[in-house]
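This report describes a ligand site, several helices and a handful of individual residues. The sequence and the structure come first, and the description follows.

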Amino acid sequence: MPDVLVLVDHDGERVNKTTYELLAAARRLGDPAAVVVGPPGTAARLRESLARYGATSVHAAEFAQAADFLVTPAVDALELAVSETSPAAVLVPATTDGREVAARLAARLDAGLLIDAVDLDSSGVVTQIVFGGSYTVRSQVTHGTPVITVRPGAFEPEELPGGAAEWTLVPPAVDPTTSARITDRRTVLAGDRPGLTEAAVVVSGGRGVGGAHGFEVVEELADAFGGAVGASRAAVDAGYYPHQFQVGQTGKSVSPQLYVALGISGAIQHLAGMQTSKTIVAVNKDPEAPILDLADYGVVGDLFAVTPQLTQEVAARRA
Ligand code: FAD
């Protein structure tokens with residue numbers, strides 16, 4: 001079986017769930033080979049969990065300043081791993097950084113790039129959501145090693161019994177003169193909530209919440225579910241909620257088990273980031289709002305009247 005390279009998304013201590021989803025997707029095409037980029041010791045910490053979710057080998061590109069660079073070390077490591085293993089494909093999470101890594105890698109390899117895959121079959125045919133979610137297309141790369149970004153939440157992680165992964169140290173080769181370097185860091189307070197792309201439940205607020213204060217009802221419902229908070233671009237642009245929580249075409253793509261849209265009209269650019277959610281619930285006071293056409297369950301009403309009742313009910317059932 002050919003290798004299928006998977007770029008590992010991690011925080012140094014823990015592998016993010018999206019990587020386990022990519023390992024499950026990779027198993028459809030060949031043997032998943034994880035590529036870890038980080039400071040020395042990172043791959044040793046992550047190796048066991050990667051093997052448990054299907055990685056049969058781990059390529060570790062480790063160097064002390066790895067955390068100081070943006071995406072180039074990952075592109076370098078993948079490029080080297082491609083030249084050494086001639087994989088069937090390279091899978092990268094469809095996150096902000098992942099998209100940049102994939103585009104740069106495909107350009108360097110002169111290879112075809114497919115973005116936002118939501119499904120993948122054993123012959124390498126990829127199902128994508130395109131044009132802001134208006135169309136679903138099936139595509140296949142016919143030139144070079146396929147580079148594919150995979151939408152978080154599109155695949156179920158598969159835990160395998162007794163997995164073990166071979167281990168290779170890849171020499172990192174970062175050229176500081178051509179690699180973008182991090183010069184400043186800001187701490188984002190995410191609290192105890194799960195990450196947007198990892199959460200089983202996402203509760204998002206739109207312009208309809210009316211202000212930053214209005215997001216309290218959104219947060220309360222998210223917390224009752226143990227879920228994450230998201231926001232529409234209109235809510236973000238109006239300063240109601242920080243940009244890193246934006247869901248949609250120019251924000252994050254999510255595919256949770258449950259997506260609750262509060263005061264969101266359902267513009268195509270918002271749907272592009274959440275329409276693959278398993279169950280969608282919308283609360284909107286306008287019965288003509290497009291989000292109600294997509295929702296599995298729609299409530300026509302004032303979100304400030306409906307949401308607290310929903311929160312109370314969810315909290316009571318989970319108590
Ligand atoms: P609105 O469209 O203003 O809708 C507010 C809704 O709240 C209405 O349906 C209203 O009936 C309802 N409402 C009001 N008060 C209440 C109440 N008390 N109770 C219940 N319901 C109430 N948008 C994104 O979200 N994500 C993106 O990534 C994104 N990217 C974009 C990229 C481009 C290139 C462009 C052009 C646009 C993009 N947009 C994106 C913007 C998008 O087109 C919409 O403008 C935006 O999604 C609208 O946000 P909204 O639904 O919160 O606001």
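## The ligand site

A backbone N or O atom of Arg-207 lies 2.7 Å from an oxygen atom of the ligand, a polar contact being a pair of N or O atoms within 3.5 Å, where within protein one atom must be able to donate a hydrogen and the other to accept it, and residues adjacent in sequence count only if both atoms are side-chain atoms. This is a predicted model, in which local features need pLDDT of at least 70 and side-chain atom pairs count only at pLDDT 80 or more, while totals for chains, interfaces and linings use all residues. Residues are numbered from 1 along each chain as its sequence is written, and side-chain values use heavy atoms, with hydrogens and water left out.

| Residue | Atom on the protein | Distance to a ligand oxygen atom |
|---|---|---|
| Arg-207 | backbone N or O atom | 2.7 Å |
| Ser-232 | polar side-chain atom | 2.6 Å |
| Gln-269 | polar side-chain atom | 2.7 Å |

On its own the ligand has 980 Å² of accessible area, of which the protein covers 75%; accessible areas come from the Shrake-Rupley method with a 1.4 Å probe, and for residues only the protein chains shown count as cover. The elements that give two or more residues to the shell around the ligand are H6 and helix H7 (268–271), where helices (H or I, at least four residues) and strands (E, at least two) are DSSP runs numbered from the N terminus. There are 24 residues around the ligand, and those that come nearest are Arg-207, Ser-232, Thr-250, Ser-265 and Gln-269, a residue being near a molecule or strand if one of its heavy atoms lies within 4 Å of it.

The ligand sits in the second largest pocket. Here a pocket is, on a 1 Å grid over the protein atoms alone, an open set of points with protein on both sides within 12 Å along at least five of seven lines, whereas a cavity is a set of points where a 1.4 Å probe fits but cannot get out, and lining residues have an atom within 4 Å of a point. A molecule sits in a cavity or pocket if more than half of its atoms lie within 2 Å of its grid points.

## Helix H5 and its cover

In helix H5 (residues 215–225), the buried residues are Phe-215, Val-217, Val-218, Leu-221, Ala-222, Ala-224 and Phe-225, with buried meaning under 20% relative accessible area, exposed over 50% and partly exposed in between (1.4 Å probe, protein chains only). The cover over these buried residues includes strand S10 (201–205), strand S11 (228–231), helix H6 (233–237), strand S12 (258–262) and helix H9 (303–318). After H5 comes Gly-226, with a positive phi near 70 degrees.

Thr-311, which lies in H9, counts as buried because its relative accessibility is 12%, and, not counting residues up to four places away in sequence, Thr-311 touches Glu-220, Leu-221 and Ala-224 (contact means heavy atoms within 4.5 Å).

Leu-7 has its place in strand S1 (residues 3–7) and counts as buried because its relative accessibility is 9%. Beyond its neighbours within four places in sequence, Leu-7 is in contact with Thr-19, Val-35, Ala-74, Leu-78, Leu-91, Val-92, Pro-93 and Val-101. In helix H2 (residues 42–52), the buried residues are Thr-42, Ala-43, Leu-46, Ser-49, Leu-50 and Ala-51, and H2 is followed by Gly-54, whose phi is positive, near 115 degrees.

## Loop residues

Ala-67 belongs to the loop between strand S3 (57–62) and helix H3 (72–85), and at 42% relative accessibility Ala-67 counts as partly exposed. Apart from neighbours within four places in sequence, Ala-67 is in contact with Ile-182 and Arg-185.

Ser-86, in the loop between H3 and strand S4 (89–93), is a residue other than glycine with a positive phi, near 40 degrees, and counts as exposed at 54% relative accessibility. Asp-110, in the loop between helix H4 (96–109) and strand S5 (113–120), likewise has a positive phi, near 55 degrees, and counts as exposed at 53% relative accessibility.
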